[in-house]
Amino acid sequence: MDGIDLQVPAGSFYGFLGPNGAGKSTTIKCLTGLVRPSAGTMRILGIDPVADPVAVKRRVGVVPEDLALFERLTAEETLTFVGQVHGMPAETFKTRSADLLALMDLKEAGNALVADFSHGMRKKLALAAALLPAPRLLFLDEPFEGIDAVASRQIKELLHSFVGRGGTIFLTSHILEIVERLSTHIGVIARGRLVAQGPIERVRAGVGAARSLEELFMLTIVRAFAWLRWRVLVNSFERTGARDTLERFSIATDKLGPILALILLIPSAIALGALALIAGYGLATSEWLLPFELIRYFVMIATFMTLVGPIVLPSRDAGNAVRFLLLPIPRGVLFAAQTAGAIADPWILLLVPLLVLTPAGLLAGGGFAMAAIAAVAALTLLVFVMAVTSLVSSLIHLLLRDRRRSDLVMLFLVLGLPLIGALPALFQATGIRDPLRHARQDAPGWVRAAAVRAFSYIPSELYHRSIVTARTDTGASARPVLLLAGADVALLALGFAAYRRLLEMPASMTARRGGSFAGLWGRTLPGLGPGASAVAWTQVRLALRTPRGRATLGGPLIMFVVFAVMAQRTGGFRVGGFTVTSGLPVAAFAGFICLVAILPIAMNQFAVDRAGFTRQMLSPLSLDEVLAGKAVGNGLVSAAPAFVCVVLAGLLFGGGPFALWVALVLALIATYVTVSPVAAALSAVFPRSVDLNSIGNASNAHPAAVIIGLISFLISAGPCALLVVLATSVMRQPVLAPLFLLIWCGVTFVIARLLFIPVRRLVANRSESLAHA
C-alpha cells in the first residue's frame, strides 16, 4: 500500500475496485487487524482499531479472502462459536443461526463438516458468520467469487437490505459490473495507490465499547474455546466425511493409533494417581520415600516433554489465529485460552493426577502443612509447563511463518538432529574423543559443582525440594515455590509477547529463486510421453522442494556416510557375530534403505500434492499417463540416493565380482518395479491428506499403507536374493547373476503392467475421493 486515504460514509455501500494484486485484500487485512500497517492512522466507526481492536470487532463482520473457517466444525457449530464469543444470548444466536442457514440455503448441510463444503457453500457460511452478530459494518473480500447465480441474487438482496437498515458495507472486487450495480460509493485502487473515490456518479463522471466489557466476556470466551476444542476432538472421531466404504475403512484404521493411545492413557493416569497417593502418604509418615522419588523423575521427564512437545505434536498450530483475530476477543484472553489448552497434551494430562493426588496422600498421612505446600507447588509447576508449551509453540510458528525459513528449520529437524545423535557413536568408532564427554571429564571441580547447583534449580527439582523441605522447615520450603512462581511470571510475559508477535506478523511466502535445473523439468523422459513425463517431474519437484521430500533424498545418504566412516575406522561392519568388510552387502543394505525411504511419498502419491491430483485429473491426461508418471517420478526420487550409495560403497570398500555389482543394480530396479503398482493401489485405498512441509506424523502416509508397503518391498526383494544365491552358491557362477536378474527385470515389468490394469480401475473409481483427500 502506498499512502491511500479512504473515506467510507456511514450507511453507504462502498465498492473497492481494482485488478488482481492491486492491494484490495491487503487493505481489508489492515482495516480488520490481520496486518499492522507500517504508517498512518485508521478510524473505524470512530474507533482506532490499533488502540482498541476488540471494540471495533464487536461492531464489524468480515468475510476474508481465505474465509478462515474451521474445517472440523459443522455449519451450525461454526455459528454457535461466533455467537458465543460475541456474548450473544443462546436463544438469540440459535434463532439467528437457523434463519441465516435457511437464507443461505445451508439448512440441509448444517450438520455436515465444513471440510466437505464446496467453495460456494464455504463462502455463504463465512457471510452467515459475519452477519450473525448484527454488525454495523461489513467487510467483504470478493464475496461473489465462486457463487452460483441463484445464491448471488439472494446475497445481493440480503446486502441491500443490510444497507437499508443503516449498515455499511465495504466490498472488494475486480469485476466492475458487480461494483457498479451494487455500490453507492466507489474507490479505485491500482498498484497500491488510490486513484479515485467518492459517490459512484461522481467517480463515473471522472473521479466503542469500553475496555471494562472485556472482563465481562472473559468467562464466556474461555468457555467457548473449551467447547471449541471439545467439538473438534469429538468430530474427528464421529464425522469422517467419507464417501464410500473403502474410505471409511481407511479413516477408521488411521484413527486406530490415537484411539489405542487414548485407551492406554486412562489406565496410565489411574496408575499414576495411585502412585501419587502412596507417595504422599509415605512421605507424610516417613515410611516409603521411594514412590516420591519416582514421581520426581516422572515430573522431570514431563517437564522436558513440554519443550519438544510442540515439535512432536504439530497439531497445536496457529492457523486458526486468522479466525480468532476477526472476533471481539482481547489478545490476552486469546493467549490465556491457548496456554490453558496445553493441558490437553498427553504428558501434561498424565502429570495432573500426580500433582493433584500427592497433596491428597499427604493429607491422608497427617502432613497438613506439607499438603498445603504441595498444592501450591503443584499449581505453580502446572502453570510453568503450560507456559513453556505455549511459548515454544508460538516461537515455532514464528519460525515457520516464512516458507524458506520453515524449509530450513524442518530440514534441520529431519536430518540434522539424527546426525547429531549419531556423533557419539561416530566419535567412539573413529577413536576421536567425544568433545562433550571430554569436557565433562576434564572440567574443573567448580564447574561440576556449578552444574550440580544449576540442576537443582530446574522446575522438577524446585517442586521436589519444596515438598521435601516442608517435612522439617515449612518456611524454607516457600523459597523454591517463589522461585517457580517467578519463572511462571517471566515465561507468561515472554509467551504473551511471542503470541502477540505471531498475531501481528502475517505469514510470508518467500518467492522461490530460479534453480539450475529449470531446463530439466520440460524434458520428455525415455519411454514416456510428454504428459507422463510432466507428472513424473512434478513428483520429483515435490520431493526436492519439501523438507520431508529432501529427507527422503538426504536421510539415507547421511546414514550411509556415518556408517561408512565407522566401518573405515574399525575395519568393517559388525552384523550379529559377523564382520562385513566387502562393499557389496553395504551397498545392498544402503540401496534397500533408499527404496524404503520413499514410503511416505510413494504410498500416498495421490494425496501428497493435495490439489495437484485434482489439477492432473482436470488436464488432458489419461489415467495410464498419471500412473506411469507417478511411478517413474517416485523411482527417480529413490534412484538418486541409491545410485550415490552404491557408487560410494564400491569406491570405499570394493570387493566382490563386478557381475554381482551389476546384479545389485538390477535387483534394486526389479524390486521397485514390482512394488510400484502396489504403491499406487495403497495410495488409492488409504489416501491421507498430509503436509510435507512438516515433520512427524503430519507428513507420514497412512500407517496401514506404510506397513503393507514395507512388507511388499521385503517380499519383492526375496526373488532377487534367491536368484543371486542360485548363481553364486548353487551353480558357482557369479557371472550368471546379472543375466538372471535381467530376465527377472523383464518379468517384473510384465507383472507390473498386468497389475496396473486393476489398479487403473481402482483409481478411476476412487478419483472423487482422491481429489478431496
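Axes here are lines fitted to C-alpha atoms, for helices over the stretch in contact, and angles run from 0 to 180 degrees between N-to-C directions. The model is predicted, so local features need pLDDT of at least 70 and side-chain atom pairs count only at pLDDT 80 or more, while totals for chains, interfaces and linings use all residues. Residues are numbered from 1 along each chain as its sequence is written, and side-chain values use heavy atoms, with hydrogens and water left out.

Let's start with two helices (DSSP runs of H or I, at least four residues, numbered from the N terminus). α29 and α31 pack with their axes 9 Å apart, at an angle of about 10°. They are therefore roughly parallel to each other (angles under 35 degrees count as such). Their contact has 27 nonpolar, 3 polar and no charged residues. Nonpolar covers Ala, Val, Leu, Ile, Met, Phe, Trp, Tyr, Cys and Pro; charged covers Asp, Glu, Lys and Arg; the others, Gly among them, are polar.

Now for the second largest pocket, which holds about 1000 Å³ of space. Among its 30 lining residues, A631, V632, Y672, V673 and F749 are the closest to its centre. Elements giving two or more residues to this lining are α28 (623–652), α29 (658–685) and α31 (736–765), and α28 gives the most, with 12 residues. The lining divides by class as follows:

| Class | Lining residues |
|---|---|
| Nonpolar | 22 residues |
| Polar | 5 residues |

A pocket is an open set of points on a 1 Å grid over the protein atoms alone, where a 1.4 Å probe fits, with protein on both sides within 12 Å along at least five of seven lines; lining residues have an atom within 4 Å of a point. Grid points are joined across faces, edges and corners, and a volume is the space filled by probe spheres set on the points.

Notes. Angles under 35 degrees count as roughly parallel, over 145 as roughly antiparallel, 65 to 115 as roughly perpendicular and the rest as oblique.
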